[in-house]
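Please keep the sequence and the structure in view while reading.

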Amino acid sequence: MTIVAQGHAIAKWFGKGANRTQVLHDVDFHIRAGECLAIIGESGSGKSTLTRILLGLERADSGTVQFMGMPVEGRKSAGYRALRQSSGLVLQHPFASLDPTWTVERSVAEPLMIRKIVAGGSLRGVERIKDTATASVHKALQSVGLDPRIFATRYPDQLSGGQAQRVAIARAIVDEPQLIVADEPMSAIDVAARIQIIDAFAAMRQSQPDAALVVVSHDLGVVQHLADRIMVMQNGRVVEEGASDQVLMSPQCEYTKTLIAAAS
Ligand code: ADP
Ligand code: MG
């Protein structure tokens, strides 16, 4: 399968002077179309920084990133533009990514409107865009298990955390991006609602089988349900990487063994 995104020898430093510390060391990664890659590791191990670099939201200090075979360099590079057009991000706190004054329908539709208008829709075309957008929005809501007849007109303060996170997922997948990154999407969600988030991602993988999904999670249950492959990070380095079953059932690295023992 096509490699959607890859990075080679990524290094990243933060801070200045005596506080300058290296947070990523020589990281290589890749993700293929249709694959779900989980990134696990303790807090502070560099997972979020790596995903931000992968999405072009942050620059690496050295190393290279490619998206669909195109280098992601400055904001003018073809790789960066393709990445912005065809990636979705789900963060830990769902309400932070939803405008409290917008209905669910508007929040989910917004990425479609922006991208289509930027792609050259005339103002007269906007009405037509709205109609096709509504169909896509309803499809995305359905695929995350939210009935559009009930939820389309709700506002964020009328949603539970689990419902809001599913709206955030619908928003990230509505224009069928090639890459979806979810950074700890369950950690702010009630345990009882987590299964709905897992189901939402699983349904998304069914309806968009070529999308590449990167999930950062502490929750090995989530990882086990969703991931095809696991990458383990410790102190800014990839210490283990392999097929999910292999990493979970017979971890090679002491650090991975500790993580798994701590979770069970
Ligand atoms: P994780 O997501 O695995 O918890 P992060 O990528 O958020 O790890 O952080 C890795 C390290 O980089 C941590 O030590 C964190 O404090 C540091 N860090 C992250 N972002 C910044 C920043 N913008 N400025 C300074 N240090 C940062
Ligand atoms: Mg993080």
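A helix is here a DSSP run of H or I that is at least four residues long, and helices are numbered from the N terminus. In this sense R81 lies in helix α2, which covers residues 78-85. The model is a predicted one, and every value below was computed from it.

Is R81 buried, exposed or partly exposed? A residue is buried with 20 or more other C-beta atoms within 10 Å of its own and exposed with 12 or fewer, and R81 is partly exposed because 15 other C-beta atoms lie within 10 Å. M249, which has its place in helix α9 (residues 244-249), counts as exposed because it has 10 C-beta neighbours inside 10 Å.

| Pair | Apart in sequence | C-alpha to C-alpha |
|---|---|---|
| R81 and M113 | 32 residues | 17 Å |
| M249 and I260 | 11 residues | 9.3 Å |

**The open sheet**

An open sheet is built from 6 strands, and their order across the sheet is β6-β7-β8-β3-β9-β10, with mixed pairing. The edge strands, each of which pairs on one side only, are β6 (87-90) and β10 (237-243). On average, and with direction ignored, neighbouring strands of this sheet are turned by 15 degrees against each other.

**Strands β1, β4 and β5**

Strand β1 (residues 3-14) pairs with strand β4 (residues 62-67) over 5 bridges, in the antiparallel sense, and A5 stands opposite F67 in β4. Strand β4 is also joined to strand β5 (residues 70-71) by 2 bridges, and these strands likewise run antiparallel; the bridge partner of Q66 is P71 in β5. Which residue in the turn between β4 and β5 has a positive phi? That residue is M68, with a phi of about 50 degrees, and it belongs to a hairpin with 2 residues between its strands.

**The nonpolar core**

The largest nonpolar core has 70 residues, and those that touch the most other members are A38, I39, V108, I169, A170 and V215. Helix α6 (residues 161-173) gives the most to this core, namely 7 residues. Leaving aside residues up to four places away in sequence, V108 touches V137, A140, L141, V167, A170, R171 and V174.

**Around the ligand**

Which residues are found around ligand 1? They are F14, G15, V23, G41, S43, G44, S45, G46, K47, S48 and T49. Sorted by class, this shell has 2 nonpolar, 8 polar and 1 charged residues. Helix α1 (residues 47-54) provides the largest share of the shell, with 3 residues.

Note on methods. Residues numbered from 1 in each chain as written. Chains lettered and ligands numbered in written order. Predicted model: local features only at pLDDT ≥ 70, side-chain atom pairs only at ≥ 80, totals over all residues. Core = buried A, V, L, I, M, F, W, Y, C linked by C-beta atoms within 7 Å. Contact = placed C-beta atoms within 7 Å. Near = placed C-beta within 6 Å. Nonpolar A, V, L, I, M, F, W, Y, C, P; charged D, E, K, R; others polar. Pairing = 2+ DSSP bridges. Axes fitted to C-alpha atoms, helices over the stretch in contact; angles between N-to-C directions.
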